[in-house]
Amino acid sequence: SGLSDTIILDIISNYLVLPNRITVPLVSEVQIAQLRFPIPKGVLRIHFIEAQDLEGKDTYLKGIVKGKSDPYGIIRVGNQIFQSKVIKENLNPKWNEVYEALVYEHPGQELEIELFDEDPDKDDFLGSLMIDLTEVEKERLLDEWFTLDEVSKGKLHLKLEWLTLMPTAENLDKVLTSIRADKDQANDGLSSALLILYLDSARNLPVSYILMDTLLS
């Protein structure tokens, strides 16, 4: 059942979860590529910092002794998914990780976060959070503690930055200086620019032939 659900959700995501979309041209001379592959509205930089007072899910002596948890986070923006490292035996974990996600619609897209306790068999749920990206764009920078939903306790500390795409490179030096100061925050570094490449069509490709021998009996 779980495998079937995962396969079905993956198929739906490949068609309908932003930035994927189904386009139906209603008039002629419409640029289909611009409808199917629009330029992002902005970039969301997610500082996944720390959590506090999480639930202890690990138990010992058949549940008599309550232990801690091994928390990690799943972060989603549209079809972009990030997973944090696991912090062993800690109810107040500090991740200090940074992720960057493209945002194509606002309103229309939300930041979704779920926390789990890593276990050998099935990971336990530690809380969730959904944030409207319209508010992040309006404030440009949010640095707050958020109360986790669907659990009795727990808070999550996030720093969210909304980055606008500029058509010229006049502010590039300033951006490069800023990200150099924060270069240790992300494993693969922070972005200073976005390259968008459309592969439209190809012509006069060489013809390949596949020879098949048929065995007749």
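The second largest pocket of this predicted model holds about 330 Å³ of space, where a pocket is an open set of points on a 1 Å grid over the protein atoms alone, with protein on both sides within 12 Å along at least five of seven lines. The volume is the space filled by probe spheres set on the points, which are joined across faces, edges and corners. Of the 18 residues that line the second largest pocket, with an atom within 4 Å of a point, those closest to its centre are Pro 19, Arg 36, Phe 37, Pro 38 and Tyr 104. This lining has 13 nonpolar, 3 polar and 2 charged residues, the nonpolar class being Ala, Val, Leu, Ile, Met, Phe, Trp, Tyr, Cys and Pro, the charged class Asp, Glu, Lys and Arg, and the polar class the others, Gly among them.

The model is predicted, so that local features need pLDDT of at least 70 and side-chain atom pairs count only at pLDDT 80 or more, whereas totals for chains, interfaces and linings use all residues. Residues are numbered from 1 along each chain as its sequence is written, and side-chain values use heavy atoms, with hydrogens and water left out.

Two or more lining residues come from each of β1, β6 (94–103), β10 and α4 (172–181), helices being DSSP runs of H or I of at least four residues and strands runs of E of at least two, numbered from the N terminus. The largest share, 5 residues, is given by α4, and the lining as a whole divides into 16 nonpolar, 6 polar and 7 charged residues.

Strand β10 (residues 155–163) runs antiparallel to β1 (residues 42–52) and is joined to it by 9 bridges, two strands being paired if DSSP finds at least two bridges between them. Within this pairing, Glu 50 has His 157 as its bridge partner. Strand β9 (residues 141–147) is likewise antiparallel to β10, with 7 bridges, and Phe 146 stands opposite Leu 156. The charged end of Lys 155 sits over the ring of Trp 145, 5.6 Å from its centre, a contact that requires NZ of Lys or CZ of Arg within 6 Å of the ring centre and within 35 degrees of the ring normal.

There are 4 aromatic pairs, counted where rings of Phe, Tyr and Trp (its six-membered ring) have centres within 6.5 Å, with planes under 30 degrees apart taken as stacked, over 60 as edge-to-face and the rest as tilted. Phe 48 and Trp 95 form a tilted pair, at 4.5 Å centre to centre and 35° between the planes, which links strand β1 to strand β6 across 47 residues. Phe 48 counts as buried because its relative accessibility is 0%, and Trp 95 is also buried, at 1%; the classes are buried under 20% relative accessible area, exposed over 50% and partly exposed in between (1.4 Å probe, protein chains only).

Strand β4 (residues 71–77) is largely enclosed by the rest of the structure, because 6 of its 7 residues are buried. It pairs with β7 (residues 110–117) in the antiparallel sense over 7 bridges, and Val 77 stands opposite Leu 111. A further 4 bridges join β4 to the antiparallel β5 (residues 80–83), where Ile 75 has Phe 82 as its bridge partner. The hairpin of β4 and β5 has 2 residues between the strands, and Gly 78 takes a positive phi near 65° in this hairpin.

Note on methods:
On a 1 Å grid over the protein atoms alone, a cavity is a set of points where a 1.4 Å probe fits but cannot get out, and a pocket is an open set with protein on both sides within 12 Å along at least five of seven lines; lining residues have an atom within 4 Å of a point.
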